[in-house]
Amino acid sequence: MRKIVRISFFLFCAIILAAAYAYPAGLTPQTNPTYFVMSGNADLDGDGRPESITLAPGGTFGEFILSVDGVKTVGMFDFDAADGFAVVDISTADAYREIAVHAPGPSDDDEYLVYSFDGASLKEMGRLARWPTFSGNGIVLVDNWMGFWLIKDKYVLDTSTRTLRHIPQDLYYVGVEGHAIKSFPVYRTRSGSEVIANTRPDSVFLVLACDTSPTCLNAYGDADDYSCDWYLIKTVTGLVGWVRCETLMDYETVDGLTWAD
């Protein structure tokens, strides 16, 4: 009897190993993607069966071909080639899991193209930049570098279209201290017409928030959505008002802000 049990045990192990070899374990959804693969298996449409996912380079720079069980789509990155994909789960309330194709980009300018598979077709859901968090609640939060601070953007899953919809904020929190080398004006409103304060030379100020919506022309006549942003600051005297980004970028007027690409 003992011998029969032992044989049954070995037979059971052989069956398990054969099953594992025939059906590789699926890719685990990542909250903050850190590793990327060119092929793998995952149940994307919630039918209980893992799909085979492969990624291959396309015919031109930045182009890639994503294939799920033979269903293919072609995507394109602007600045770099795709180096793999990760499986993510945007919403645990539905049966779907998504594919986030990744390109590293220059200066850590990561790019993602996110895709959904419904069992028959692949759909592009949206393009994300830098560092997204897929927490599973239907919301994707994305951190992006803004020169000396991190902006946090919000995207929500539109369940009717299976796309990611950007939800812009009127103001973005900054929370970084700077140092006024010399005095500069602080305006009462974003019109820049009325001065409410002038910073004290050799004083510390706190950058509270940023309005990223303005667009202006730079010195070359091109549209600039960066240097003309408005920043809300608090002076050492406790007064609060607005300054342009170009003021904070003036190294003869302000230091203490860690500017980097």
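This is a predicted model: local features need pLDDT of at least 70, side-chain atom pairs count only at pLDDT 80 or more; totals for chains, interfaces and linings use all residues.
Residues are numbered from 1 along each chain as its sequence is written, and side-chain values use heavy atoms, with hydrogens and water left out.

The protein chain holds 2 helices and 21 strands, where helices (H or I, at least four residues) and strands (E, at least two) are DSSP runs numbered from the N terminus. Of its 261 residues, 37% are buried, meaning under 20% relative accessible area with a 1.4 Å probe, protein chains only.

Four strands form an open, antiparallel sheet in the order S1-S2-S3-S4, two strands being paired if DSSP finds at least two bridges between them. Strand S1 (39-42) and strand S4 (71-76) are the edge strands, each pairing on one side only. Strand S3 (residues 63-68) is joined to S4 by 6 bridges, and Phe64 stands opposite Gly75 in S4.

A nonpolar core is a set of buried Ala, Val, Leu, Ile, Met, Phe, Trp, Tyr and Cys residues joined through side-chain atoms within 4.5 Å.

| Core | Residues in core | Members include |
|---|---|---|
| Largest | 21 residues | Phe148, Trp149, Phe205 |
| Another, apart from it | 17 residues | Leu44, Val68, Phe85, Val87 |

Phe205 touches, among others, Phe184, Ile233, Leu248 and Val254, not counting residues up to four places away in sequence; contact means heavy atoms within 4.5 Å.

How values were computed. Buried means under 20% relative accessible area, exposed over 50%, partly exposed in between (1.4 Å probe, protein chains only).
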